[in-house]
Amino acid sequence: MGPVSAPPSSSVTVHGAPPVAPQAITAERYTAKSWLERESSELWPKVWQFAALERDVAEPGQYVVLNIGRESIVVSRTQDAELAAFYNACQHRGARILVNDRGCEKSYTCPYHGWSYRPDGRLVVVPENQQFPGGGVDRSKHSLKQLRVASALGMVWVCEDPATPPLEEYLAPLIERVSPFNIGSMTLVGDQTVTLNCNWKAVFDNFQELYHVEHIHPQHQELFDCPTASVDLFAHGHTGVSIIGHTLNSRLPIASEPNFYQIRQLEMFGANPKDYEGRVMDIRGDMPALRRAAGPRLGWDYDAFTDEQLTDIEQYNAFPNTMITAQPDDALITRARPHPTDPNWCYWDKFTFRRQPDPEVAKRHGVAFEPHDPKATLPISRPEHDDFDQEDIIEGRKTMGITIDQDVHYIRDVQAGMHSRGFQQALLCDEEARIQHYHDWLSAWMGNASSDL
Ligand code: FES
Ligand SMILES: [Fe+2]
């Protein structure tokens with residue numbers, strides 16, 4: 001078995017330079033209430049936002065509520081099986097109509113005075129309608145206020161501004177790169193939200209650089225080579241990073257024996273870890289063939305994936321607040337949401353996906369189905385949303401996975417430090433190029449008409 005390819009050295013490819021000069025990344029971006037308020041009027045209405053998993057609005061009447069800052073937006077599946085999106089604000093006196101995160105109803109009834117709307121936003125019931133001037137409210141003129149809505153990557157996205165490019169154009173490079181992983185066909189196994197004592201961009205920035213990985217995620221040096229990661233900077237502020245996996249951090253001496261993670265992977269795909277003693281750097285090169293050979297009996301089909309997709313890890317940050325990490329058998333979607341009034345707090349959502357072993361794959365390839373874990377084939381119902389506080393992670397009552405838990409331990413101290421009179425602005429290194437690109441595009445969106453971007 002030959003090597004996949006020579007590992008590339010660290011690289012940054014610019015596909016869409018921001019239309020502004022490099023911006024100073026000042027503390028006030030994270031700490032000032034005026035920034036939070038400007039974002040609410042100049043950023044969020046212009047961009048496409050990830051609002052719901054498509055699977056959660058599959059049936060007529062199903063809805064998902066996205067609370068973002070002071071705004072609340074509903075995505076629904078109409079009685080005609082179309083997607084719809086509207087503000088969660090009753091046309092009578094403004095009350096929020098839907099107060100649960102998600103659900104399914106034939107009609108959406110405002111709890112305050114009982115005005116009732118169809119899942120497409122049309123007003124259908126006004127109690128005591130004859131009491132309103134002119135003989136009653138003309139229901140055809142008081143639908144809920146609509147937003148643009150579109151789906152991509154198994155996710156539903158919404159946008160308020162008619163001048164913003166269509167979703168397939170806005171998100172084009174990410175759609176191209178993430179589609180092969182078909183996250184929409186994976187099983188959702190986790191739906192979590194943690195409340196964090198930091199600005200929503202502080203946690204998003206944390207997932208736009210690898211510079212901190214060697215310092216707070218020591219386990220990654222046995223899995224990935226972060227120093228040689230390839231970075232992509234896309235138009236509209238999106239970014240991506242591809243990290244070589246099934247290898248070791250190239251800044252460290254080469255181990256003589258496979259480590260715990262490598263042994264687990266080799267054994268799962270039918271190789272003997274002892275064969276790699278003294279040649280651990282061959283593991284990455286051999287892994288695609290091992291996976292393709294063993295995949296069908298395990299219930300996984302790797303035929304459509306490239307060697308790199310079978311060994312490495314790809315992460316994409318969709319501007320302004322959504323991160324997608326995809327591998328053939330699992331994926332994560334995370335999202336930062338601003339607090340309604342306080343720049344020092346935010347919500348961090350995490351959806352966790354896994355590809356369940358599928359007996360049909362073995363059948364198709366004419367081999368016996370032998371899943372690596374027979375329990376992994378049991379059906380999984382959609383997990384309930386779990387909402388908790390950063391203290392729950394810090395004190396060990398909850399986990400979002402070891403890596404995110406490690407980030408959560410530090411991120412509140414980053415926010416606290418940015419309030420100091422001793423800190424004015426960030427000083428970034430090459431490994432933090434994505435943060436600069438992101439903030440330059442943030443300024444561009446907030447200073448320009450969306451039609452110019
Ligand atoms: S505010 Fe909704 S019915 Fe009155
Ligand atoms: Fe991290």
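These notebook entries record what I looked up in this structure, which is a predicted model.

**Entry 1: domains.** I began with the domain assignment, which gives domain 1 as 11-38 + 187-452 and domain 2 as 49-153. I then looked up the separation of the two, and found that their C-alpha centres lie 34 Å apart.

**Entry 2: where the domains touch.** I noted that nine residues of domain 1 are in contact with eight residues of domain 2. On the side of domain 1 that touches domain 2, I found that strand E17, residues 330-338, gives the most, with three residues. By class, I recorded five nonpolar, two polar and two charged residues on that side of domain 1.

**Entry 3: nonpolar cores.** I looked up the largest nonpolar core and found 82 residues in it. Those with the most contacts inside this core are Ala51, Val75, Ala85, Trp157, Val158, Val203 and Ala331. I noted that domain 1 and domain 2 each supply at least three residues to this core. Apart from it I found another core, of twelve residues, including Ala229, Phe234, Val241 and Ile243.

**Entry 4: Ala331.** I listed the neighbours of Ala331, leaving out residues up to four places away in sequence. Ala331 touches Phe181, Ile183, Met186, Ile324, Thr325, Ala326 and Phe353.

**Entry 5: Thr341.** I located Thr341 in the loop between E17 and strand E18 (346-354). Is Thr341 buried or exposed? I recorded Thr341 as exposed, because 12 other C-beta atoms lie within 10 Å and a residue counts as exposed at 12 or fewer. Finally, I looked up Thr341 against Cys226, 115 residues apart along the chain, and found their C-alpha atoms separated by 36 Å.

Note on methods:
Residues numbered from 1 in each chain as written. Chains lettered and ligands numbered in written order. Predicted model: local features only at pLDDT ≥ 70, side-chain atom pairs only at ≥ 80, totals over all residues. Domains from an automatic or database assignment. Contact = placed C-beta atoms within 7 Å. Helix = DSSP H or I, 4+ residues; strand = E, 2+ residues; numbered from the N terminus. Nonpolar A, V, L, I, M, F, W, Y, C, P; charged D, E, K, R; others polar. Core = buried A, V, L, I, M, F, W, Y, C linked by C-beta atoms within 7 Å. Buried ≥ 20, exposed ≤ 12 C-beta atoms within 10 Å, placed from the backbone.
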